[in-house]
Amino acid sequence: TLDGSDGKQARATKSGSALGEVMDHGVDALATVLITVSSMDMAAFGASSWCTWTPVLTSCAGFYLSNMVLIHKGRQDFQDVDIQEMLCGIQAAFGIGAWRGAGFFRRALPLGLTPRWLFVVAGSGGSVANCAMYVASVAKTDKPAHLRPQFLALGAFLGAAACNVATLGGSSVAPFVLAATAAFGDVSRRLLHQRVGVPPGAWLTAPTVLLLALPAAPERARWRVALAAAGLAFVGAARSARAMADALGVDVFTTRRRPPPPPASPEAWRTKKR
């Protein structure tokens with residue numbers, strides 16, 4: 001509820017800003033992987049099944065492409081049935097699971113289907129439909145050369161994640177989820193920075209490269225690779241917060257404005273203003 005109402009509240013109080021969008025959507029980027037992994041875990045297809053991970057990857061693609069629309073159009077596109085309705089469905093499913101038990105989603109239905117297939121069809125189908133709409137929308141707003149680096153960044157993340165899913169087998173899922181959360185948060189952060197005028201920089205990000213390295217790492221070393229990815233993503237986010245705060249003249253994580261230092265001379269002040 002709060003996630004869907006904060007933008008409306010900001011517009012009503014005239015306190016919205018592009019920087020607020022970066023903060024809001026940056027937190028959402030970190031939650032995207034965790035929310036979809038949690039919901040698919042209740043469906044219990046197994047860690048090595050693509051039925052588990054396809055909705056995760058399509059949800060990440062939908063979130064990223066939605067923010068590409070924001071970057072290029074200055075606003076996001078939404079349908080009558082969109083992410084808020086999908087989140088309500090996930091919450092309802094968790095309520096049913098708590099009430100009837102997780103086994104409810106594996107009960108047989110006509111044609112050999114089970115309720116857990118609704119997770120795959122609704123999650124993946126809705127996300128793929130939104131992805132197609134976002135790509136068509138953003139393609140009308142800018143030149144392909146300007147869009148290519150952003151599509152490559154998304155492809156790098158999805159490719160790295162798919163390589164890991166293909167090699168999961170019976171290995172632990174937790175390191176992959178941690179690395180994927182860090183990598184997607186980092187890729188989304190670099191995209192969202194363009195909303196406040198920060199250039200894209202190096203698109204092949206270190207957390208994504210480390211995520212790609214997970215399949216080749218020995219089982220006992222995968223936690224180290226995942227923690228390294230999370231650490232690099234945190235360092236990048238902290239440096240970004242400091243850079244944006246310095247540009248705005250505020251303290252990091254506060255709204256108190258710092259007084260500018262007194263100029264050494266009128267000439268120095270004019271140089272600084274330029």
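**View 1. Thr181 is found in helix H7 of this predicted model.** With a relative accessibility of 11%, under the 20% cut-off, Thr181 counts as buried. Leaving aside residues up to four places away in sequence, Thr181 touches Leu30, Val33 and Leu34. Thr181 and Leu30 stand 151 residues apart along the chain, while their C-alpha atoms are separated by 5.7 Å.

**View 2. Helix H2 and helix H7 pack against each other.** H2 covers residues 18-43 and H7 covers residues 174-192. The angle of packing is about 155 degrees, and the two axes are 9 Å apart. An angle over 145 degrees counts as roughly antiparallel, and H2 and H7 are therefore roughly antiparallel to each other. Their crossing is right-handed. On the side of H2, the residues in the contact are Val22, His25, Gly26, Ala29, Leu30, Thr32, Val33, Leu34 and Val37. On the side of H7 they are Val177, Ala180, Thr181, Phe184, Gly185, Ser188 and Leu192. By class, the residues of this contact divide into 10 nonpolar, six polar and no charged. Thr181, the residue of the opening view, is among those that H7 brings to the contact.

**View 3. Helix H6 and helix H8 form another packed pair.** H8 runs over residues 206-213, and H6 over residues 144-167. The helices pack at an angle of about 20 degrees, with 8 Å between their axes. That makes H6 roughly parallel to H8, and the crossing of the two is left-handed. From H6, the contact takes in Ala156, Phe157, Ala160, Ala161, Cys163 and Asn164. These residues meet Thr208, Leu211 and Leu212 in H8. Sorted by class, the contact of H6 with H8 has seven nonpolar residues, two polar residues and no charged residues.

**View 4. Helix H5 spans residues 116-139.** H5 has 24 residues. From the first C-alpha of H5 to the last, the distance is 35 Å, close to the 34 Å expected at 1.5 Å a residue. The buried residues of H5 are Arg116, Phe119, Val120, Gly123, Ser124, Ser127, Asn130, Cys131, Tyr134, Ser137 and Val138. What covers these buried residues includes H2, helix H3 (50-73), helix H4 (83-100) and H6.

**View 5. Asn130 has its place in helix H5.** At 14% relative accessibility, Asn130 counts as buried. Not counting residues up to four places away in sequence, Asn130 touches Gln79 and Asp82.

**View 6. Ala241 has its place in helix H9.** This helix covers residues 222-248. Ala241 is partly exposed, with a relative accessible area of 21%; the cut-off for a buried residue is under 20%. Ala241 and Met23 are 218 residues apart in sequence. In space, the two are 9.5 Å apart, C-alpha to C-alpha.

**View 7. Lys14 lies in the loop between helix H1 and H2.** H1 takes in residues 2-12. Lys14 has a positive phi of about 55 degrees although it is not a glycine. With a relative accessible area of 77%, Lys14 is exposed.

**View 8. Ala44 lies in the loop between H2 and H3.** Ala44 is not a glycine, yet its phi is positive, at about 60 degrees. At 34% relative accessibility, Ala44 counts as partly exposed.

View 9. In sequence order the pattern is α-α-α-α-α-α-α-α-α-α. The chain has 274 residues, and buried residues make up 38% of them. Among contacts in the chain between residues at least 6 apart in sequence, 70% join residues at least 24 apart.

Methods:
Residues numbered from 1 in each chain as written. Predicted model: local features only at pLDDT ≥ 70, side-chain atom pairs only at ≥ 80, totals over all residues. Heavy atoms only, no water. Axes fitted to C-alpha atoms, helices over the stretch in contact; angles between N-to-C directions. Helix = DSSP H or I, 4+ residues; strand = E, 2+ residues; numbered from the N terminus. Parallel < 35°, antiparallel > 145°, perpendicular 65-115°, else oblique. Left-handed = near helix turned anticlockwise from the far one by under 90°. Contact = heavy atoms within 4.5 Å. Nonpolar A, V, L, I, M, F, W, Y, C, P; charged D, E, K, R; others polar. Expected span 1.5 Å × (residues − 1). Buried < 20%, exposed > 50% of the residue type's maximum accessible area, 1.4 Å probe, protein only.
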